[in-house]
Amino acid sequence: MLNQFSRTQLLLGPEAMEALARARVAVFGIGGVGGYVAEALARSGIGAIDLIDDDQVGITNLNRQIVATHSAIGRDKVDVMAERIADINPSCKVAVHKCFYLPQTAGQFDFSQYDYIVDAVDTVTAKLRLIQDADASGVPIISSMGAANKLDPTAFEVADIYDTSICPLAKIIRKECRKRGIKACKVVYSKEPARQPSKEAMAEACAQEAGSDETAAHPIGRAGIPSSNAFVPPVAGLIMAGEVVKDLTGVR
């Protein structure tokens with residue numbers, strides 16, 4: 001009998017679909033990358049998804065985030081994503097966690113209950129803690145490296161963190177993982193050099209966002225405001241979702 005996963009089952013087979021239905025995946029970060037991961041997983045038949053983020057939809061998210069619509073501005077991203085998943089795949093069990101993954105919140109999560117962890121967070125500290133905790137728990141994880149300030153969605157690669165190059169964020173994570181004795185970590189990264197807006201454009205953008213609600217939640221750093229677009233972060237997210245599905249099912 002036809003169902004919403006019939007076309008996926010044609011490709012993966014019934015046993016793979018059963019494996020996906022039994023799986024529970026945690027997606028940390030429901031932004032430009034993580035939102036697309038979560039939706040693709042729901043459309044692929046994942047049985048349970050945990051959504052972890054403490055951010056709200058803002059006007060500058062409209063150019064790239066799947067949860068961002070004008071009617072959603074001001075709402076919690078995890079709530080918007082949960083509603084989308086319920087409308088796409090009502091049988092998927094969704095748990096929302098309105099927090100960022102930080103040392104003070106890490107104790108709220110038992111990684112042993114997850115079959116896979118997706119790291120789509122923004123900060124180095126959170127990424128390292130997620131990778132370290134996943135490694136200690138023996139749970140597979142895939143981590144997104146830098147997607148901001150880039151224009152080529154075809155440049156993304158899937159690799160072990162120790163096989164990466166060019167990407168500045170990957171370099172930091174690689175060094176810190178080595179210090180922590182982490183032997184491997186699957187990542188999605190791009191060798192495309194990051195582009196930087198002109199100093200004048202960055203100064204104007206910072207001036208416009210200074211004092212806004214979004215800047216209050218995400219203070220402007222020394223590098224300024226990261227630029228992005230509608231086609232690079234989503235591709236990174238979809239690649240990550242594909243890796244999760246293939247790893248959980250063993251289909252390659």
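**Exercise 1. Helix packing**

Task: Helix H2 (residues 14–22) packs against helix H9 (residues 233–249); at what angle, and how far apart are their axes?

Solution. 
Step 1. The angle is about 110°, and the axes of H2 and H9 lie 9 Å apart. Axes here are lines fitted to C-alpha atoms, for helices over the stretch in contact, and angles run from 0 to 180 degrees between N-to-C directions. Helices (H or I, at least four residues) and strands (E, at least two) are DSSP runs, numbered from the N terminus.
Step 2. Classify the angle. Under 35 degrees is roughly parallel, over 145 roughly antiparallel, 65 to 115 roughly perpendicular, and the rest oblique. H2 and H9 are therefore roughly perpendicular.
Step 3. The crossing of H2 past H9 is right-handed. That term applies if the near helix is turned clockwise from the far one by less than a right angle, and left-handed applies if anticlockwise.
Step 4. List the contact residues. H2 supplies Ala16, Ala19 and Leu20; H9 supplies Val245, Leu248 and Thr249. Contact means heavy atoms within 4.5 Å.

Ground rules for every exercise: this is a predicted model, where local features need pLDDT of at least 70, side-chain atom pairs count only at pLDDT 80 or more, and totals for chains, interfaces and linings use all residues. Residues are numbered from 1 along each chain as its sequence is written, and side-chain values use heavy atoms, with hydrogens and water left out.

**Exercise 2. Salt bridges**

Task: How many salt bridges are there?

Solution. 
Step 1. Apply the rule: a side-chain nitrogen of Lys or Arg within 4 Å of a carboxyl oxygen of Asp or Glu. The count is 18 salt bridges.
Step 2. Take Arg75 and Glu83. Their side chains form a salt bridge at 2.7 Å, N to O. Arg75 is partly exposed at 31% relative accessibility, and Glu83 is partly exposed at 46%. Buried means under 20% relative accessible area, exposed over 50%, partly exposed in between (1.4 Å probe, protein chains only).
Step 3. Take Lys98 and Asp76, a salt bridge at 3.2 Å, N to O. Lys98 sits in the loop between strand E3 (93–97) and strand E4 (116–119), and Asp76 in the loop between strand E2 (48–52) and helix H4 (77–88), so the pair ties together parts 22 residues apart in sequence. Lys98 is partly exposed, at 43%.
Step 4. Take Arg195 and Glu192, a salt bridge at 3.5 Å, N to O. Arg195 is partly exposed at 47%, whereas Glu192 is buried at 12%.

**Exercise 3. Cysteines**

Task: How many disulfides does the rule give?

Solution. 
Step 1. The rule asks for a pair of cysteine sulfur atoms within 2.5 Å. The count is 0 disulfides.
Step 2. Check Cys92. Its closest cysteine sulfur, in Cys99, is 19 Å away, too far for a bond. Cys92 is buried, at 8%.
Step 3. Check Cys167. Its closest cysteine sulfur, in Cys185, is 13 Å away, again too far for a bond. Cys167 is buried, at 3%.

**Exercise 4. Positive phi**

Task: Is Asn149 buried or exposed? Is Ile166 buried or exposed?

Solution. 
Step 1. Asn149 has phi near 60°, positive in a residue other than glycine. Asn149 lies in the loop between strand E5 (141–144) and strand E6 (156–160). Asn149 is buried, at 13%.
Step 2. Ile166 has phi near 75°, also positive in a residue other than glycine. Ile166 lies in the loop between E6 and helix H6 (168–179). Ile166 is exposed, at 56%.
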